[in-house]
Amino acid sequence: MSDLGVPDLAYWSGPGGEQWARNQEYGDRQFAPVAEALFKIATVRASERVVDIGCGCGTTTIALARMVGRQGRVLGIDVSAAMLALARNRAPQGAPVEFVRADATNYAFPRGAFDLLFSRHGVMFFAEPVRAFANLRTALAPGGRLAFSCFRAPRDNPWAMTPLQAAYRFVPPLPKLGPEDPGPFSFADETRVRRILGAAGFADIALQPVDLEFDLAVGRGLDAAVANVVELGPTSRAVQGQSAEIRAKVAAAMRETLAPHVKGETVQLGAAVWLVTAHNPES
Ligand SMILES: C[S@@+](CC[C@H](N)C(=O)[O-])C[C@H]1O[C@@H](n2cnc3c(N)ncnc32)[C@H](O)[C@@H]1O
């Protein structure tokens, strides 16, 4: 069983996915710098066949479809019915995309049918990551590529931790996750990522650290930033189920905490990610 504090499979296939679907525009604008960096490193070519792992509301899936063109193919896989419904609606008519609701850990991918496994922050929630990546690798042709993004350590991600610390003045801390538990920071440790991908059979594993800025306000000012952080991300999980009175106290503390980060209509805090690449061996 999941509670809202732990973003595991039950969270994503249930209330977490619904929450993300409701906040699609905000989530996408916040994660836009990640997509930009990841597309550069993934070097997607025309006619390629791509899997978008944990594709969510389909933003990167649709962008990938534009890159591969009509001769290519993009399969978006996710466990959330709510996010996939939105993804299907947003995909332009005739785009070479297909969406499937399934757990990437055990979905029977057509063997060797894809050139690229891609994911913007959709691979850190696997309960059995080695099994999941080994299964995903069966979808890749020999020599096929893997390219995904994930967060580095919480202390390097003030966009998440600064608001969360403000909320902790009024709400209990989120459940402490063990080093092998799924969660947004479960791929922070380079050694662990290398161990998982190596055990799943990938070669040429490389992790590139990239430092970005997340605009918590998505260009809409301090009030929007305060509203946004209690709607999506770690702080939203910490305040879930709290009374209106506590939520109001959290919002006031958040305003005070975020005010020094206001620049024009933006509220920018640092985000530290890994861009991870690897290959399926040729034979
Ligand atoms: C942080 S969201 C990222 C969504 C999307 N990639 C994006 O960039 O907007 C993580 C996504 O991974 C999906 N996910 C988590 N575990 C999964 C699994 N085992 N199989 C497929 N999708 C999964 C969630 O449902 C969610 O959509």
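Reader: Which residues touch the most other members in the largest nonpolar core?
Author: Val-50, Val-51, Leu-117, Phe-118 and Cys-150, out of 80 residues in that core. A nonpolar core here is a set of buried Ala, Val, Leu, Ile, Met, Phe, Trp, Tyr and Cys residues joined through C-beta atoms within 7 Å. Buried means 20 or more other C-beta atoms within 10 Å of a residue's own, with C-beta atoms placed from the backbone. Mind that this is a predicted model: local features need pLDDT of at least 70, side-chain atom pairs count only at pLDDT 80 or more, and totals for chains, interfaces and linings use all residues. Numbering runs from 1 along each chain as its sequence is written.

Reader: OK, what is Cys-150 in contact with, leaving aside its neighbours within four places in sequence?
Author: His-121, Val-123, Met-124, Phe-187, Val-273, Trp-274 and Val-276. Contact means C-beta atoms, placed from the backbone, within 7 Å.

Reader: Switching to helix H6, which residues are buried there?
Author: In H6 (residues 129–138), Pro-129, Ala-132, Phe-133, Leu-136 and Arg-137 are buried. They sit on the same side of H6, because they cover an arc of only 135° around the axis, taking directions from the helix axis to the C-beta atoms. Helices are DSSP runs of H or I, at least four residues, and strands are E runs of at least two, numbered from the N terminus.

Reader: And what do those pack against?
Author: Strands S1 (49–53), S4 (114–120) and S5 (140–151), plus helix H8 (190–199).

Definitions and conventions. Buried ≥ 20, exposed ≤ 12 C-beta atoms within 10 Å, placed from the backbone. Contact = placed C-beta atoms within 7 Å.
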